[in-house]
Amino acid sequence: MSTVIHHDALPPQQVCERARLSRDVRFDGLFFTAVTSTRIYCRPVCPAPTPKPRNVTYYPNAAAAEAAGFRPCLRCRPELSPGDGAWRRGDAAVERAIKLIHEGALTDASVEALAARVNLGERQLRRLFVERLGASPVGVHGTRRLLFAKQLLTETDLSITDVAMAAGFGSLRRFNTTFREAYRMAPRELRKRPIAPRGETLVLRLGYRPPYDVQAMLAFLRGRAMPGVEVVDAASYQRVVAPMIAGGAPGWLRVSAWPGDEAALRLELHGIAPLQLQAVVQRVRRMFDLDADPQAIAAALSTDRRMRASLARRPGLRLPSGWDGFEIAVRAIIGQQVSVAAARTVATRVAQRYGTSLAAPVAEGLLHLFPTPDALAEADLESAGLTRARAGTIRTVARALLDGAVDFAPERTLDDFVERWTALPGIGPWTAHYIAMRALSHPDAFPAEDLVLQKTLPNDGTRLTARALRERAEAWRPWRAYAVIHLWHEASNAQARAAA
């Protein structure tokens with residue numbers, strides 16, 4: 001019999017067994033198979049010959065497997081697995097701490113500081129991590145950066161020094177030592193075969209769990225794309241990326257479907273400094289919702305007959321996020337009670353007038369960066385076509401971000417975030433929840449005041465009140481934002497049919 005390490009995040013043993021034997025891609029990243037005879041851990045989809053059950057131990061994540069002394073398989077490459085999605089399921093301290101780790105909180109700070117940010121003691125946070133994940137916070141952070149380094153070593157021609165910097169190591173010596181201790185090989189040994197030079201372009205594979213509706217994701221982003229900042233066509237999403245390091249030059253990225261049947265997106269990075277790589281990849285994963293668990297989401301939403309029908313029609317819909325929190329906040333304010341097309345026109349005008357123009361386009365159609373809070377804190381936004389009230393709200397939000405009254409901190413609970421934002425003049429519950437949904441990718445954000453949702457859910461020509469809609473949505477927790485996307489998608493399709 002195989003062995004299961006009991007943790008809250010691990011599926012039941014019989015589920016792990018069936019998924020491993022069938023190589024079920026829906027469970028990729030939800031658990032890992034460690035083989036005691038080889039001391040290697042694999043993804044459930046590993047194409048290697050199936051090990052004997054008595055040699056198999058299941059772990060809930062890569063960090064737990066590595067903490068137990070296993071090293072990653074070179075064939076199935078655990079670094080390509082989507083995240084387990086556990087951090088998306090609520091506002092508990094562990095989930096918020098994982099979000100912070102993914103944002104790099106332990107790169108330059110201690111576990112004590114991390115614990116303080118989620119209002120826990122250091123010892124309590126360590127205990128919760130071991131109970132929930134089977135690994136310490138430092139172990140989760142360390143495994144994450146080593147696997148990222150492993151992907152860069154395998155898929156790019158970056159120098160080993162640049163890989164070390166990209167993965168968050170302060171020195172090449174420290175990187176080499178840590179990598180060898182964890183994986184029993186030197187970083188250079190992963191490069192037995194030469195990698196064709198790609199110049200300034202890096203190509204990375206970003207895995208997800210199917211089903212994933214790439215076309216629906218691109219269509220959502222295309223309808224809201226701001227010319228000059230973003231270019232979205234039927235096959236890809238492109239945008240300018242501001243330098244995160246003083247004195248750096250802007251780069252750009254392109255996201256498209258990975259060729260063939262592989263459950264992954266293709267990320268092309270152009271002119272992105274090594275120190276920015278991990279943060280950029282994390283933003284893309286969040287923006288395209290690559291770590292979602294469709295089975296968990298469907299299980300919650302399908303208890304409602306109305307949502308069950310929508311899930312059956314479009315099972316691969318994901319939660320489209322935005323690249324930058326302030327950009328989403330500005331667009332949310334502009335979009336209050338106006339159409340998506342009208343909001344896009346005004347947002348584009350604001351970006352063109354107050355954003356940073358590039359000396360030369362970094363790529364065709366990519367001409368400027370979206371303005372920062374500093375640029376809009378005192379801007380004459382009325383001349384860009386905004387009403388006095390909305391222009392004043394944007395200036396208020398810009399100043400509030402600059403002085404720290406509001407933020408996009410990953411440790412915020414949904415209730416805390418909404419309370420802080422609705423304290424600002426001009427920001428109501430709809431705007432706060434919309435920002436939480438698209439800037440934080442919060443899976444339970446729910447703008448119940450949305451007129452489209454109130455009309456679309458009944459599907460009989462009637463309209464629910466915000467209170468009735470909120471009550472109906474209680475059964476959908478903690479995935480209410482996905483119900484929003486399904487209902488918006490239905491409304492958009494109905495509008496398109498009516499216009500045809």
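The chain of this predicted model contains 21 helices and 12 strands. Its C-alpha atoms fill a box of roughly 70 × 55 × 50 Å along the principal axes. For 500 residues, a compact globule would have a radius of gyration near 23 Å. The chain has 23 Å, so it agrees with the globule rule.

Of the 500 residues, 55% count as buried.

The largest nonpolar core has 122 residues. Leu253, Phe288 and Trp421 have the most contacts inside this core. A second core is separate and has 20 residues. Val94, Ala97, Ala115 and Leu120 are among its members.

Residues up to four places away in sequence were not counted. Trp421 touches Ala329, Val397 and Leu401, among others. Its contacts also include Val406, Asp407 and Phe408. Ile427, Ala432 and Ile435 touch Trp421 as well.

The surface and the charges complete the description. The chain exposes about 21300 Å². Carbon and sulfur atoms supply 52% of this area. The chain carries 67 positive and 50 negative charges.

Note on methods: Residues numbered from 1 in each chain as written. Predicted model: local features only at pLDDT ≥ 70, side-chain atom pairs only at ≥ 80, totals over all residues. Heavy atoms only, no water. Helix = DSSP H or I, 4+ residues; strand = E, 2+ residues; numbered from the N terminus. Rg over C-alpha atoms; globule rule 2.2 N^0.38 Å. Buried < 20%, exposed > 50% of the residue type's maximum accessible area, 1.4 Å probe, protein only. Areas by Shrake-Rupley, 256 points an atom, 1.4 Å probe, with all protein chains shown as cover. Lys, Arg positive; Asp, Glu negative; His and termini not counted. Charge placed at Lys NZ, Arg CZ, Asp CG, Glu CD. Core = buried A, V, L, I, M, F, W, Y, C linked by side-chain atoms within 4.5 Å. Contact = heavy atoms within 4.5 Å.
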